[in-house]
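The sequence and structure come first.

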Amino acid sequence: MKTKILQELYDTNFVQLYVKKLLNSADIEHYEDYIQEIFLILCEYDENKLIELYTVGGINKVRQLASGIICRQIKSKTSPLYYKYKKKQNITDSIHSYKVDDIEQEMRLNNRKNNLDNDDDRNL
């Protein structure tokens, strides 16, 4: 029964569309990974609770459960998805930003030095 419920949820494309809606452009490269992680969480969810939700409210109740999981996983800085994908991305972005800032600063210093050297040459 659990497999049937999750298959129905997958077939509605609800999870896929909701994940895509919440992801920003920097995270879109991990879109498929996010989908798989969400369904993994749902597969590990208590079978009796999932069947009860489905029995009481149909696929709409299961969608509500899934939407809560998706929001928490994508928005939280303590979620497994954050640690697996976003934190690495943030560190890489910080390193890249730091290197770019250093290069730009060095270029400005070199330009100033060249301008000073040119002024000295003119004064001779």
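A residue counts as buried under 20% relative accessible area, as exposed over 50%, and as partly exposed in between. In this predicted model, N13 has a relative accessibility of 37%, so N13 counts as partly exposed. The residue sits in the loop between α1 and α2.

The backbone of N13 has a phi near 65°, which is a positive value in a residue other than glycine. Most residues other than glycine have a negative phi.

## Packing of α2 and α4

Helix α2 spans residues 14-22 and helix α4 spans residues 47-75; the two pack at an angle of about 30°, with 10 Å between their axes. Angles under 35 degrees count as roughly parallel, and α2 is therefore roughly parallel to α4. Their crossing is right-handed.

On the α2 side, the contact is formed by F14, V15, Y18, V19 and L22. Helix α4 contributes R63, A66, S67, I70, C71, I74 and K75. Sorted by class, this contact has nine nonpolar residues, one polar residue and two charged residues.

## Confidence

For the protein chain, the mean pLDDT is 79, and 70% of the residues reach 70 or more.

Where pLDDT is low, predicted coordinates should not be read in detail.

Terms used
Residues are numbered from 1 along each chain as its sequence is written. This is a predicted model: local features need pLDDT of at least 70, side-chain atom pairs count only at pLDDT 80 or more; totals for chains, interfaces and linings use all residues. Side-chain values use heavy atoms; hydrogens and water are left out. Axes are lines fitted to C-alpha atoms, for helices over the stretch in contact, and angles run from 0 to 180 degrees between N-to-C directions. Helices (H or I, at least four residues) and strands (E, at least two) are DSSP runs, numbered from the N terminus. Angles under 35 degrees count as roughly parallel, over 145 as roughly antiparallel, 65 to 115 as roughly perpendicular and the rest as oblique. A crossing is left-handed if the near helix is turned anticlockwise from the far one by less than a right angle, and right-handed if clockwise. Contact means heavy atoms within 4.5 Å. Ala, Val, Leu, Ile, Met, Phe, Trp, Tyr, Cys and Pro count as nonpolar, Asp, Glu, Lys and Arg as charged, and the others, Gly among them, as polar. pLDDT is the predictor's confidence in each residue, from 0 to 100. Buried means under 20% relative accessible area, exposed over 50%, partly exposed in between (1.4 Å probe, protein chains only).
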